[in-house]
Amino acid sequence: MGRLQSLIRSVVLSLSLCHVVRGAIGPVTDLTISNADITPDGYTRAAVVMNGVFPGPLIAGNKGDNFQINVIDNLSNETMLKSTTIHWHGLFQHGTNWADGAAFVNQCPIATGNSFLYDFTVPDQAGTFWYHSHLSTQYCDGLRGPLVVYDPADPYADLYDVDDDSTVITLSDWYHTAAKLGPAFPLGADSVLINGLGRYSGGNASELAVITVEQGKRYRFRLVSLSCDPNFTFSIDGHNMTVIEVDGVNHEPLTVDSIQIFAAQRYSFVLNATEAIDNYWIRAIPNTGTVDTTGGLNSAILRYSGADEVDPTTNATTSVIPLTESDLVPLDNPAAPGDPVAGGVDLALNLNFSFNGTNFFINGDTFVPPTVPVLLQILSGAQSATQLLPNGSVYVLPSNSTIEVSFPIITTDGATNAPGAPHPFHLHGHTFSVVRSAGSSEYNYVNPPQRDTVSTGNPGDNVTIRFTTDNPGPWFLHCHIDFHLEAGFAIVFAEDTPDVASVNTVPTAWSDLCPTYDALSSSDL
């Protein structure tokens with residue numbers, strides 16, 4: 001980057017009206033991706049770090065901001081891949097589909113020794129998001145971090161006193177073996193990290209994350225699942241939580257005492273620090289692997305100012321008001337797209353899952369990343385599903401239409417069609433209305449939850465979502481268990497292909513990514 005360009009970026013940064021958050025970076029920033037040995041749970045292993053840390057630094061901005069994130073690839077460990085891409089999870093990227101970050105859908109990867117500027121605006125979204133590698137299983141090895149877009153006109157501002165970097169809570173599964181060297185489908189993580197710290201079974205009592213509150217204050221906590229695989233049941237001993245935001249969408253306040261959060265989901269909740277000055281366990285119990293909290297496993301500490309700096313002695317209690325997804329009601333524009341009846345949409349799709357022991361299939365096809373990104377295929381003239389690769393995995397959707405997608409989970413002869421359930425499915429470029437949630441047989445077209453990542457549930461469930469095609473471009477729809485995505489559990493919605501080129505003007509640097517990547521030796525991929 002030239003000196004003049006660096007000066008311009010510095011000036012833009014200084015003029016930004018970003019919500020002041022200690023320790024956060026952005027909306028204009030460099031993000032350097034490299035390898036380092038880290039010890040988040042008492043066990044040291046090589047990992048992928050961002051600006052030298054894991055999880056990545058909080059990237060923050062305000063609603064309406066132009067984010068300019070210059071990703072510098074200094075990766076050197078071939079086992080965890082030397083190339084990279086970054087997806088800004090939950091941001092719509094309207095007009096900047098090229099910046100969505102999904103490898104071989106929206107771009108070719110950034111080669112090591114190179115940089116790429118993700119330059120996009122967030123005009124109409126605010127809330128809790130995250131960013132992660134979207135190349136193979138690289139984010140499991142560390143490339144993941146939180147992203148928050150603050151709303152200066154937040155309708156819930158009067159419900160809390162504190163909302164800053166100290167109130168962001170990240171949950172990560174962590175493995176002592178690099179993803180490429182371990183099993184294709186791990187049976188459980190070695191540890192769960194809360195804000196990047198944790199303990200593993202059989203390990204030492206390593207440092208745990210401490211979240212400090214002052215008695216009498218109200219806190220907006222932003223809970224982010226950076227998970228590669230498990231879902232977590234999250235709770236804080238002795239405290240209820242009032243959920244106000246789901247995946248970047250404001251919802252009516254809902255008080256709960258536990259939250260089951262699936263890979264890639266986010267919740268904002270208000271915690272009222274009215275309990276006695278003491279230490280309280282924060283628990284994040286995974287659905288696989290070690291599922292207890294003995295000795296501080298799967299735990300962090302909520303510490304009231306003035307309490308002794310010791311591990312809590314509080315006891316877990318049975319959840320009596322757990323979060324139920326179907327109880328969530330959007331604050332604004334709650335009605336689902338289409339007519340409020342079964343089949344009341346322009347196009348309804350049923351996704352039939354299957355598994356052959358190695359790969360997942362959707363409607364008979366497993367997703368194999370194409371050598372030419374889907375966006376580049378469209379810009380080069382391919383328009384129909386029969387022209388777009390990979391064959392069978394690209395679905396062309398008409399513009400300005402209502403779409404319904406169903407994800408039935410069934411059992412045949414004692415075997416589920418998609419082992420490893422529940423599978424959280426994420427749609428890029430959109431939020432959607434969940435008109436039928438996991439665990440429910442009811443359909444709600446009036447005020448269903450709105451989010452971008454949904455659990456598709458267990459056998460007998462038929463989770464159903466609706467959205468409107470108002471964002472031209474190819475958008476990934478995939479299981480967010482990263483090991484399942486690697487095994488082909490995905491499709492691409494090519495939305496409004498005739499308007500993709502006119503809406504999404506690609507920069508020269510984007511066009512240069514593929515020639516550079518394609519010229520790499522196998523040891524530099």
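The model is predicted. Its chain has a mean pLDDT of 95. Of its residues, 96% reach 70 or more. One stretch needs care. Over residues 1–18, pLDDT stays under 50. The model has 22 contacts beyond four places in sequence for that stretch. Where pLDDT is low, the predicted coordinates should not be read in detail.

Turn next to strand S12, residues 218–225. Seven of its eight residues are buried, so S12 is largely enclosed by the rest of the structure. S12 pairs with strand S9, which covers residues 168–174. That pairing is parallel and has four bridges. In it, Val168 stands opposite Arg222 of S12. S12 also pairs with strand S17, residues 266–272. Here the sense is antiparallel, and there are seven bridges.

Now to the nonpolar cores. In soluble globular proteins, nonpolar side chains tend to be buried together. The largest nonpolar core here holds 52 residues. Those touching the most other members are Leu31, Ile33, Ile59, Ile86, Trp88, Tyr118 and Phe120. Helix H5, residues 508–518, gives the most to this core, with four residues. A second, separate core has 43 residues, including Tyr139, Ala179, Ile465 and Ile491.

Leu31 deserves a look of its own. Leave aside its neighbours within four places in sequence. Leu31 is then in contact with Ile59, Ile86 and Trp88, among others. Its contacts also include Ile25, Met50, Pro57, Ile69, Val71, Ile72 and Tyr131. Asn51 and Asn70 are among them too.

Definitions and conventions:
Residues numbered from 1 in each chain as written. Predicted model: local features only at pLDDT ≥ 70, side-chain atom pairs only at ≥ 80, totals over all residues. Heavy atoms only, no water. Buried < 20%, exposed > 50% of the residue type's maximum accessible area, 1.4 Å probe, protein only. Helix = DSSP H or I, 4+ residues; strand = E, 2+ residues; numbered from the N terminus. Pairing = 2+ DSSP bridges. Core = buried A, V, L, I, M, F, W, Y, C linked by side-chain atoms within 4.5 Å. Contact = heavy atoms within 4.5 Å. pLDDT = per-residue confidence, 0-100.
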